[in-house]
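Subject: A structure for you to look at

Hi,

Here is the structure I promised to pass on. Please open it beside this email and follow along as you read.

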Amino acid sequence: MHVFVTGGTGTIGSAVVAELLTNGHTVLALARSDTSEQALKNAGAEVLRGELADLDVLRAGVAQSDGVISLAFSPRYHSPEGLAAAIAEESAAMAALSEELIGSDRPLVTVSGTPWVAGRASTEEDPLPLEGPVAGRARSVNALLDLASRGVRASAVRMPRTVHNQGKGGFAGLLTDQARRTGISGYPGDGTQRWPAVHALDAAVLFRLALESAPAGTSWHAVADEGDAVRDIAAVIGRRLSLPVEAVPEENFGPFGPIFAMDQPASSTRTRKALGWEPAHPSLVDDLENIQP
Ligand SMILES: NC(=O)c1ccc[n+]([C@@H]2O[C@H](COP(=O)([O-])OP(=O)(O)OC[C@H]3O[C@@H](n4cnc5c(N)ncnc54)[C@H](OP(=O)(O)O)[C@@H]3O)[C@@H](O)[C@H]2O)c1
């Protein structure tokens, strides 16, 4: 397939571009800067210049492709307003991408997050939560999956809290950044809450499998580690950075504080069985050993 990819320079996207190219697909990738354009060309992709907000460029990308993988998101996590603006931009982009596919039966794979369910690991059958700071992202994913009945082979690959590569990325990456900024490897609550994780190279395989074969309207869990206690994640970060490991107030983590404080393990049993996905790369706790002081 000739695949239009947004976010192809990101932690997940760069792995997805490589995975597609090494498995017989070609890639048309959105690039918003000279640096991103060069990185994508070096990876072997064709480039379409534009921003996520350039809806005509997105439509042109869809028109030139056999399928779409939508990953771009501006990570303005540090204020509620910034997060809301990023979600609105992503929702408009997803609507433009999917409208262009109606009636074509072509695939669109988007990224989502694993839900949380009190007292057990969430599964692929659990609905996305429609409250909290990132509820707008869930609503646009649900709108996309609803287009299954209108000739779009839409699917969602749900990410765990941390998608990592070389010790970087995701919520664990945000903990590392905060530890470097504040001099404390902090965690909210008592640190026993669990976050699931996956290596970006394993997640990339699942995006390809979903593109190639996921039925319309389905959701999948890119979960390799069902849940590590946040205290254990902070402990590795603290050791690697030679910083103290301490509980800190939830508010220190900005709009993500309440999410950081929640126990949210997730399972991928159905995904592994149905799509034949088997993670093969290092676990989060092992990969965090790559953090450099
Ligand atoms: N990593 C995780 O742990 C995790 C967990 C759950 C969900 N996700 C979601 O998965 C997706 C990909 O994550 P990631 O970690 O790979 O993200 P990332 O490393 O932050 O990369 C973001 C990508 O989006 C592009 N982008 C951002 N704003 C853009 C804009 N306005 N116009 C065009 N391109 C834009 C970036 O391009 P530039 O190179 O030009 O900056 C980059 O390619 C995101 O939607 C993220 O929220 C990630």
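Helices (H or I, at least four residues) and strands (E, at least two) are runs assigned by DSSP, and they are numbered from the N terminus. Counted that way, the protein has eleven helices and twelve strands. Its radius of gyration is 18 Å, close to the 19 Å from the globule rule for 293 residues, so the protein is as compact as a globular protein of that length. Please keep in mind that this is a predicted model.

Now for the overall picture. The C-alpha trace spans about 55 × 40 × 40 Å along its principal axes. Of the 293 residues, 52% are buried. Among contacts with a separation of 6 or more, 78% join residues 24 or more positions apart. The accessible surface is about 12000 Å², and carbon and sulfur atoms account for 51% of that. As for charge, there are 24 positive and 35 negative side chains, with the centres of the two sets 1 Å apart.

Next, have a look at helix 4, residues 80–99. How far apart should its ends be? At 1.5 Å a residue, its 20 residues should span 28 Å, which agrees with the 28 Å between its end C-alpha atoms.

Which residues of helix 4 are buried? Among them are Leu 83, Ala 86, Ile 87, Glu 90, Ala 93, Met 94 and Leu 97. An α-helix has 3.6 residues a turn, so residues three or four places apart point the same way. The buried residues of helix 4 pack against strand 1 (2–6), helix 3 (55–63), strand 4 (67–70), strand 5 (107–113) and helix 5 (135–146).

Best wishes

Note on methods:
Residues are numbered from 1 along each chain as its sequence is written. This is a predicted model: local features need pLDDT of at least 70, side-chain atom pairs count only at pLDDT 80 or more; totals for chains, interfaces and linings use all residues. Side-chain values use heavy atoms; hydrogens and water are left out. The radius of gyration is taken over C-alpha atoms; the globule rule is 2.2 Å times the number of residues to the power 0.38. Buried means under 20% relative accessible area, exposed over 50%, partly exposed in between (1.4 Å probe, protein chains only). Contact means heavy atoms within 4.5 Å. Accessible areas come from the Shrake-Rupley method with a 1.4 Å probe; for residues, only the protein chains shown count as cover. Lys and Arg count as positive and Asp and Glu as negative; His and the chain ends are not counted. The place of a charge is taken as NZ of Lys, CZ of Arg, CG of Asp or CD of Glu. The expected span of a helix is 1.5 Å times one less than its number of residues.
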